[in-house]
Structure formats: structure tokens, C-alpha cells
Amino acid sequence: MPDTGFSRFRAWWAQRPPAAGAVVMATAIVSVGLHVTGYEVLSRIAFAVACAFWLGLAVDFVVRLLSDRPRWLTEAGTPGALTAVAATAVLGTRFSIAGWQTVAEALLASAVVLWPGLLVRVVGNWRGRMPGTVFLGCVATQSLAVLGATIAAAESVAWLAHTALVLFWLGLVLYGFALARFEWRQVIIGTGDHWIVGGALAVSALAGSKLIAADNARLYLWNSDDRGVLRAVTVTLLVLDVAWCVVLLAAEVAWPRLRYDVRRWSTVFPLGMTAVTMLSVGTAVDVGWLRTPGEVVLWIAVAAWLVVAAGTVRFYRAGTSGVTSTGPR
């Protein structure tokens, strides 16, 4: 008899959107936050889940490239394709924090190889007003900056830190272009990925804090003026991110969107990223009181992860991907 469970899984997996990498992004950043706050067992569980999903997506990425190139090329032109870069970089950051620098470097190299081709292809397909996924160009670029700065600090590699700084500024430019393309009505009608408008600011602020932290006694990187600019920009980005989170949360309360959608993983990621950014910025600029709100937001992100994961399982059992609307994702 056919294995209906496996067949159902294959059907569900085949329907997954290009932005499915947001699952890895959300899970990996929650793992980072749990590690930083000392909840190591929970962090390792989330880390393992993120690795498992990343491996599945990586294998599928290669299989589609080799066996269904037209579909691969079509999906590679959608904004969601950039989650492949961001997911790889965020997972690499978790490996670097765990002390597995060789694996982190391999993931950085993989993400760097994917990044320019996907970014050019995606930006070239921007048309009219776009949903929140338009900010994934910024997120992917800043995720590379975060991983590069993290490895640079761990391995005392100056050129990598300077390269990460270039990516940091490029990411901010991409944010500006994305903001001009963003469909503001998504704040009211978006089904999850509209939260990336804040998440992109969070990962940018995290990149800034990692660049500040990379400068230490073993590795001189920035003079006092450079550090001052980095600190000011990083704090400003964090303030803007928190402001966006308040606006987005208020919009969720005013216009509830309770139906499950796979794009809700793009809500979990900004929440987790905001929490980690508060913790990291607090350390980098010596503002200790940021740790408390950072931990509060982290547990909100964990709760959101559990809710969205439960929804994913429920829709898997129902044999659907959970995508409830169409558009350039």
C-alpha cells in the first residue's frame, strides 16, 4: 500500500513558496536569542530544527536547479528567493556563536555565492508597489554583514570586518529603495510578511552592533569618529525598528488577521531579530537596561514561533501549504 503520510508530505513540500527560508531565519534567530540569554537547552533544540529545515531546503534547491531549471529560474526572480541567502547567513551566525567557525565560514561562502545573482535578478523584477518581501534585499545583505562581522571578531580578520561594513551601508541603501516600493496598505492587509519592514531595520541594527563589537584590543578597526557614526546609526536603527514594531502590532490589533498563512514566519523573524538586536546593541553601546525588554520580546518571539509552528503542522496535515493569497512573494 502507498505511504499516504509520505505522499502527503511530498505534496505539501512541493507547494512551499520560495520564501520558505523564513522558517530557518525565524528558528535560527530565536536560537541565537535563547543562547544569549542562557537558555541553552531550548537554544540547541531550535538550532537543530533550523539545521534540519536548512538541509531540506538546500537539497531541494539543488534538485530543482538540476531537474526543473525553468521553475528554479522563475522562483529565483521572486523576492522570497533571497531568504535562501538570509537563512544561510543567519544559521551561519548561530554556528559562529557556537564556536564552529569552519562551518560558519562555509555557510558565509555559500551565501556570498548566491547573493549577487539572486539580488540582481530579484531587483530587476521589481514592478510597481510591492509587499513586505521587497525588503528581503536589505535583509539578505545585512545578514551577510552580521555573519561577516561575527566571524571577523572571532577570528580577528580585519578585511572581513571592513567588507561587512560595506555590506552594512549597501543594505541601508537597499532599504531606502525598498521603502519607496513598499505598498503601505500592507500594514493593514498584509498576512505576515509586512513585518519585514521592521525586521530589515532590526537586522541592520544588529549588523551595526556586531561591527562595533568586532573592534577590540586584538583587532583595531575603527577610529573614534567611525565608532561614533556606527553607534549613532545603530541606535537610530534600533529606535526606528521598535517604533515600527509598535505600529505593526497596533495594526494587528485594529485589523486582526487570525487565519494562518505561511508568511507568518516572516512575522516571527522580525520579532526574534528585534529581541537579539536589543541584547546585542545593549552590549555594544553599554546600555544595560536594554537586556530586560530584549528578553521580553524574545519570549514573545518564542510564543509566536510556537503558534506559527502549530499552524504549519495543522496545514501540513490538511495537505496545503497555507498560502492564502497571491502576489510577488
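Author: A salt bridge is a side-chain nitrogen of Lys or Arg within 4 Å of a carboxyl oxygen of Asp or Glu. The structure discussed here is a predicted model.

Reader: What makes the contact between Glu-40 and Arg-44 a salt bridge?

Author: The side chains of Glu-40 and Arg-44 meet with N and O 3.3 Å apart. The cut-off is 4 Å, so the pair qualifies as a salt bridge. Both residues belong to helix α3 and stand 4 residues apart, about one turn of the helix.

Reader: Why is Arg-44 called exposed, and why is Glu-40 called partly exposed?

Author: Arg-44 has a relative accessible area of 55%, and exposed means over 50%; Arg-44 is therefore exposed. Glu-40 has a relative accessibility of 25%. Buried would require a value under 20%, and partly exposed covers the range between the two limits, so Glu-40 counts as partly exposed.

Reader: How do you know that Glu-75 forms a salt bridge with Arg-71?

Author: The closest N and O atoms of Glu-75 and Arg-71 are 3.1 Å apart. Since a salt bridge is defined by a distance within 4 Å, the pair meets the definition. Glu-75 and Arg-71 both lie in helix α4, which comprises residues 69–76, and they are 4 residues apart, about one turn of the helix.

Reader: Is Glu-75 called buried or exposed, and what value decides it?

Author: Glu-75 is buried, because its relative accessible area is 17% and buried means under 20%.

Reader: Which residues are linked with Glu-75 in a network of salt bridges?

Author: The network links Asp-60, Arg-64, Arg-71 and Glu-75. The structure holds 11 salt bridges. Another pair is Glu-183 and Arg-185, with closest N and O atoms 3.3 Å apart; this distance is within 4 Å, so the pair is a salt bridge.

Reader: Why are α7 and α10 called roughly parallel?

Author: The axes of α7 and helix α10, residues 196–214, cross at roughly 20° and come within 8 Å. Angles under 35 degrees count as roughly parallel, and α7 and α10 are therefore roughly parallel to each other. The crossing in which α7 passes α10 is left-handed.

Reader: What makes α7 roughly antiparallel to α8?

Author: The axes of α7 and α8 come within 8 Å and cross at roughly 160°. That angle makes α7 roughly antiparallel to α8, because the term applies to angles over 145 degrees. Here too α7 passes its partner, α8, in a left-handed crossing.

Reader: How do you know that α11 and α12 are roughly antiparallel?

Author: Helix α11, residues 224–254, packs with α12 at an angle of about 150°, and their axes are 11 Å apart. The angle is over 145 degrees, so α11 and α12 are roughly antiparallel to each other. α11 passes α12 in a left-handed crossing.

Reader: What makes the phi of Ser-156 worth noting?

Author: Most residues other than glycine have a negative phi. Ser-156 is not a glycine, yet its phi is positive, at about 55°. Ser-156 is found in the loop between α7 (136–155) and α8 (158–181). Its relative accessible area is 27%, between the limits of 20% and 50%, so Ser-156 is partly exposed.

Reader: Where does Asp-286 lie, and why does it count as exposed?

Author: Asp-286 lies in the loop between α12 (265–284) and α13 (291–317). Its relative accessibility is 69%, and the limit for exposed is over 50%; Asp-286 therefore counts as exposed. Asp-286 is also a residue other than glycine with a positive phi, near 60°.

Reader: Why is Thr-292 called exposed?

Author: Thr-292, found in helix α13, has a relative accessible area of 55%. This is over 50%, so Thr-292 is exposed. Thr-292 and Met-278 are 14 residues apart in sequence, and their C-alpha atoms are 9.0 Å apart in space.

Reader: Which residues make the nonpolar surface patch, and which helix gives the most to it?

Author: The patch, of about 470 Å², is made by Tyr-39, Val-41, Leu-42, Ile-45 and Trp-299. Helix α3, residues 40–67, gives the most, with 3 residues. Ile-45 is found in helix α3.

Key: Residues are numbered from 1 along each chain as its sequence is written. This is a predicted model: local features need pLDDT of at least 70, side-chain atom pairs count only at pLDDT 80 or more; totals for chains, interfaces and linings use all residues. Side-chain values use heavy atoms; hydrogens and water are left out. Helices (H or I, at least four residues) and strands (E, at least two) are DSSP runs, numbered from the N terminus. Buried means under 20% relative accessible area, exposed over 50%, partly exposed in between (1.4 Å probe, protein chains only). Patches are made of residues with over 30% relative accessible area and no salt bridge: like charges are joined within 9 Å, nonpolar side chains (Val, Leu, Ile, Met, Phe, Trp, Tyr) within 5 Å. Accessible areas come from the Shrake-Rupley method with a 1.4 Å probe; for residues, only the protein chains shown count as cover. Axes are lines fitted to C-alpha atoms, for helices over the stretch in contact, and angles run from 0 to 180 degrees between N-to-C directions. Angles under 35 degrees count as roughly parallel, over 145 as roughly antiparallel, 65 to 115 as roughly perpendicular and the rest as oblique. A crossing is left-handed if the near helix is turned anticlockwise from the far one by less than a right angle, and right-handed if clockwise.
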